[in-house]
Each structure stands twice: as structure tokens, then as C-alpha cells.
Amino acid sequence: MIDLHTHSTASDGTDPPAAVVALAAEAGVSALALTDHDTLEGLPEAIAAGEAASVRVVPGCELSLEVEQGTLHLLVLFLEGDDGPLQSRLGALRAGRDDRNLRIVDALVAEGLDVSIDEVLEAAGGGSVGRPHVAAVLMEKGYVTSIQDAFDRWLAKGRPGYVERDRLHPDEAIELAHASGAVAVAAHPFSVVDDADALDRFIAELAALGLDGIEVEYGRYDADQRAELARVAARHGLAPSGGSDYHGAYKPGLAVGTGLGDLNVPDAWLDDLEARRPARP
């Protein structure tokens, strides 16, 4: 069993990288991808913990991409080291996040909420800062009852605290991933389109751009959704992938390796994805 989609305190998870690896070992996970948003900073700690616990740690990250339908999340797997086109681009993406966080706080203050960027930074604990950290501050101050409530009332698209930010487009992101020796996997595709026919057309467009795989087994998808994604992956010659999308307390109920309890991603899927790695120039 493997888990190719997890987050730590390096971005918007609540557990340090080593703790995520420890949870993987406890669950019997043989390989774990740490895919924090726009950053590789948690990987050295995770890899060291993985070596001690006999868990293979696959280096990666998660990117937010601009598509016509909204925002697509792209998992970039086997993204090794600090030297590469995508690795170099991550700093600019994080700077865009930082600017967005300031504007989110300004928007919330304009709505009468007592929130400061210093409080958000403290909630992030030194990791890459995102909306879940804003949500945590809102919850701590009693403005909302949960992280999800914060998004529903304030931070989701169309709500008063939502602010757009610059994002890569799929063609550029996939090209950067390949030029860096990594593979590109569309994460939880039903978050972008929820109709089977629209999903097939959407994935076909991404496959034409060089997409390597799609997340078939996802922590919060039901059996019918997983079966449909498996059919789409096979139809377009894409590798299946899967993961829990573990965030700790920011996404309660999801466990490393098993998601909501019924996730079981085969080890062989990692071999298929790794076989698709391009040679770095």
C-alpha cells in the first residue's frame, strides 16, 4: 500500500514531515509522497524519517493551476533536489501566495474581522502559508466553528475573503515538471468538473499536453467515482495514482494510507508512474 498525496507543516498540514512518515509506517505504507503546496522544504526531514522507518519517501509538491473551469491541482512526483526549472519557479509561486495572504487579511479586516497577518504566520509555524492557516485563526477567534466553516463563509471562491492569485497554466506546469525530471498527475479531478462527459473531455485535453497520470484512488471519493476515473485513465493511456490528501486536523477524518478507511493504493502504481519519468536534459 502506498500514499502519493500528503501534506505537512511545510505547507498547510498540521503534522511535521517526520510525523506524517511515522503515521505512514504505522499504517503499513511502503511508499509515501510528501506533496506540500509550492514547496519542497519538508522533504529532507521526511526522507530522513523514511530511511529510519523503512518507508520510501517520494519527493514532490502540489501546484494550483489556472484552467477554464477553475483551479486544477497538479501533483508533481519525483521532483528531486533544488536544481531544476520547476524547483526554481517555486520561489515565485510562494511569493504570489504571500501577496495573496496579505490581501486576504485586508479583505477580512474590511469586513470587520479582527485578524492580522502576524497571527496567520504564527498559525503556519514557519511553513508555506495558505488559506487553511487563515481559517485556523478565524476558528481560534470564534468567528467560525471549523476549518470548513471558514471556507464556506469567508474563504472559498465567491466569499468575502477570497482573493485570486497568479497561477501556472497546465501546459507550462507540465513542461516544467518534465524538464525537471518529474511526472505530472492531476489531483482529485472531480473537484474541477463533476460530470463524466466533461471529465473525459477535460482529461483528454490534459493528456494532449503531456499529463502523465490522474488520481484514481482519492481519500474522499466513493467507489463509483474511482471506477469512472480508472476508466478515464485507461482510455487516455494515463497512469493511475492515489492518495489520502492527508492534512492532519485541517482535513479531519482522513488518515495517511487509508483515507476515510477504504483507501488502498497498490504498490505497482508507483512503478508505473516512475517508469514515465523523463530523462532530465
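Which side chain does a polar contact of 3.3 Å join to that of Asp12? The partner is His37, where a polar contact is a pair of N or O atoms within 3.5 Å; within protein, one must be able to donate a hydrogen and the other to accept it, and residues adjacent in sequence count only if both atoms are side-chain atoms.

A word on the model first. This is a predicted model, in which local features need pLDDT of at least 70 and side-chain atom pairs count only at pLDDT 80 or more, while totals for chains, interfaces and linings use all residues. Residues are numbered from 1 along each chain as its sequence is written, and side-chain values use heavy atoms, with hydrogens and water left out.

You can find His37 in the loop between strand E2 (31-34) and helix H2 (43-53). Helices (H or I, at least four residues) and strands (E, at least two) are DSSP runs, numbered from the N terminus. His37 is buried, with a relative accessible area of 7%; buried means under 20%, exposed over 50%, and partly exposed in between (1.4 Å probe, protein chains only). Leaving aside neighbours within four places in sequence, His37 has contacts (heavy atoms within 4.5 Å) with residues including His7, Glu62, His73 and His247.

**Two pockets**

Now for the open spaces. On a 1 Å grid over the protein atoms alone, a pocket is an open set of points where a 1.4 Å probe fits, with protein on both sides within 12 Å along at least five of seven lines; lining residues have an atom within 4 Å of a point. A volume is the space filled by probe spheres set on the points, which are joined across faces, edges and corners.

| Largest | about 1100 Å³ | His73, Arg131, Phe151, His188, Lys251 |

Helix H6 gives the most to the lining of the largest pocket, with four residues. For the second largest pocket, the elements that give two or more residues are H2 and H3.

**Strand E7**

Why is strand E7 (residues 239-243) largely enclosed by the rest of the structure? Five of its five residues are buried, so the rest of the structure largely encloses E7. In a regular strand the side chains alternate between the two faces of the sheet. Here, Ala239, Ser241 and Gly243 are buried on one side, and Pro240 and Gly242 on the other. Strand E6 (residues 213-218) runs parallel to E7, joined by five bridges; strands pair if DSSP finds at least two bridges between them. Within E7, Pro240 is the bridge partner of Ile214.
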